[in-house]
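Welcome! Here is a friendly briefing for anyone meeting this protein for the first time. Take a look at the sequence and the fold, then read on.

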Amino acid sequence: MTILTTLRLRLEPQDHAHLDGLNALNSDPEVMRYISGRPETREETRAIIERVKARWADVGYSWWTFFERDSGAIVGAGCVQNLRREASPHPDPEAPMELGWRLRRDRWGRGYASEAAFAMGDWAFDTFGPAELLAVCEPANTASSGVMKRLGMRDLGLQRWYGQEMATFGIGAAEWREQAAARRV
Ligand SMILES: CC(C)(COP(=O)(O)OP(=O)(O)OC[C@H]1O[C@@H](n2cnc3c(N)ncnc32)[C@H](O)[C@@H]1OP(=O)(O)O)[C@@H](O)C(=O)NCCC(=O)NCCS
C-alpha cells in the first residue's frame, strides 16, 4: 500500500477512515454525472472501500483518496486499475491498466487531477512496467479528456469499455518517461 505525495496533495490508499470525505465526493450528482449517473449512498461507499482494500491487498494497486496537504481535507480520488470490458465489479487482470480521477466540485480548475495523475502514472510505470497506460471517459466528459490530453495521452478514438463506447486515450512507457523527464526540468 503506497502513499504518494505531490506538491499540493497526499494520495493515501482508500480506507474506512476516509468514508465521510469519500461519500461527500461520491454523493455529489455533478461529480457522478459521467460515472454512474447517480449519487452514491453511504452504504455503497462503504462497500466500495471494502473492495478497494481487498484489491490493494491482492494486486498492490487500486484507488487512493486525495488529501489537500494545506487543509488536510479530502478533495478527490484516483486510481490505477485494470480496465473492464463490461460493467462488472470484477477487474480483469489481463486488461490494460488505466488511470482514473475525480475531484470535489469546489476543487475543479486548480490542476489537482493532473498533478495526482502524473504521480499515479509515474508510480504505475516504475512499479509495474506496463507497456502503456490508458484512460477512458464518456465522450461528453471533456473535463476528463482534458486531463488525458494534459498527461500527453494520445486519442485512441471510441472503444468499448465498461459495457459502453468510451473516449479512450493512451500513452506508452517511453513517451511517458520522456514527458516525465521534461516535467522535472
Ligand atoms: C475530471 C475532473 C477531475 C477534471 O478536473 P479539472 O480540475 O478540470 O482538471 P485538472 O485538475 O487537471 O485541472 C486543470 C484545470 O485547472 C487549471 N489550473 C489552475 N491552476 C493550475 C495549476 N496550478 N496547474 C495546472 N492547472 C491549473 C487549468 O488551466 C485547467 O483549467 P481549464 O480546463 O479551464 O483550462 C473534474 O472535472 C471532475 O472531478 N469531474 C467529475 C468526475 C469525473 O467525471 N471524473 C472522470 C471520470 S472518467
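In what order do the 8 strands of the open sheet lie? The order is 1-2-3-4-5-6-8-7, and the pairing is mixed. Please keep in mind that this is a predicted model.

**The chain as a whole**

- The protein chain contains 6 helices and 8 strands.
- The C-alpha trace spans about 40 × 40 × 35 Å along its principal axes.
- The radius of gyration is 15 Å, which agrees with the value near 16 Å that a compact globule of 185 residues would have.
- Of the 185 residues, 49% count as buried.
- The accessible surface comes to about 9,100 Å², and carbon and sulfur atoms account for 52% of that surface.
- Among contacts between residues at least 6 apart in sequence, 60% join residues at least 24 apart.

- Strands of a sheet pair through backbone hydrogen bonds, in either a parallel or an antiparallel way.
- In the open sheet with the order 1-2-3-4-5-6-8-7, the edge strands are strand 1 (4-5) and strand 7 (154-161), each of which pairs on one side only.
- Strand 7 pairs with strand 8 (residues 164-172) in the antiparallel sense, over 6 bridges.
- Within strand 8, Gln164 is the residue that stands opposite Trp161.

- Strand 3 (residues 63-68) and strand 4 run antiparallel and are joined by 5 bridges.
- Thr65 stands opposite Ala77, a residue of strand 4.
- How many of the 9 residues of strand 4 (residues 74-82) are buried? The count is 9 of 9.
- On to the next pair: strand 4 and strand 5 are antiparallel, with 7 bridges.
- Gly76 has Leu103 of strand 5 as its bridge partner.

**The loop between strands 7 and 8**

- Tyr162 sits in the loop between strand 7 and strand 8.
- Most residues other than glycine have a negative phi.
- Tyr162 has a positive phi, near 50°, although it is a residue other than glycine.
- Is Tyr162 buried or exposed? Tyr162 counts as buried because its relative accessible area is 19%, and the cut-off for buried is under 20%.

**The nonpolar cores**

- In soluble globular proteins, nonpolar side chains tend to be buried together.
- The largest nonpolar core here has 48 residues.
- The residues with the most contacts inside this core are Trp64, Val80, Leu99, Trp101, Met120, Leu151 and Met153.
- Helix 4 (residues 112-128) supplies the largest share of this core, with 10 residues.
- There is also a second, separate core of 7 residues, and its members include Ala95, Val136, Tyr162 and Met166.

**Ala113 in helix 4**

- Ala113 belongs to helix 4.
- Ala113 is buried, since its relative accessibility is 9%.
- Leaving aside residues up to four places away in sequence, Ala113 touches Trp101, Leu103 and Val147.
- Ala113 and Val147 are 34 residues apart in sequence, and their C-alpha atoms are 7.0 Å apart in space.

- Gly172 lies in strand 8.
- With a relative accessibility of 13%, Gly172 counts as buried.
- Gly172 touches Phe125, Ala131 and Glu132, if residues up to four places away in sequence are not counted.
- The C-alpha atoms of Gly172 and Thr65 are separated by 26 Å, and the two residues are 107 residues apart along the chain.
- Helix 6 (residues 173-184) lies across strand 5 (97-103), strand 7 and strand 8.
- The helix 6 direction is at about 65° to strand 8.

Methods:
Residues are numbered from 1 along each chain as its sequence is written. This is a predicted model: local features need pLDDT of at least 70, side-chain atom pairs count only at pLDDT 80 or more; totals for chains, interfaces and linings use all residues. Side-chain values use heavy atoms; hydrogens and water are left out. Two strands pair if DSSP finds at least two bridges between them. Helices (H or I, at least four residues) and strands (E, at least two) are DSSP runs, numbered from the N terminus. Contact means heavy atoms within 4.5 Å. Axes are lines fitted to C-alpha atoms, for helices over the stretch in contact, and angles run from 0 to 180 degrees between N-to-C directions. Buried means under 20% relative accessible area, exposed over 50%, partly exposed in between (1.4 Å probe, protein chains only). The radius of gyration is taken over C-alpha atoms; the globule rule is 2.2 Å times the number of residues to the power 0.38. Accessible areas come from the Shrake-Rupley method with a 1.4 Å probe; for residues, only the protein chains shown count as cover. A nonpolar core is a set of buried Ala, Val, Leu, Ile, Met, Phe, Trp, Tyr and Cys residues joined through side-chain atoms within 4.5 Å.
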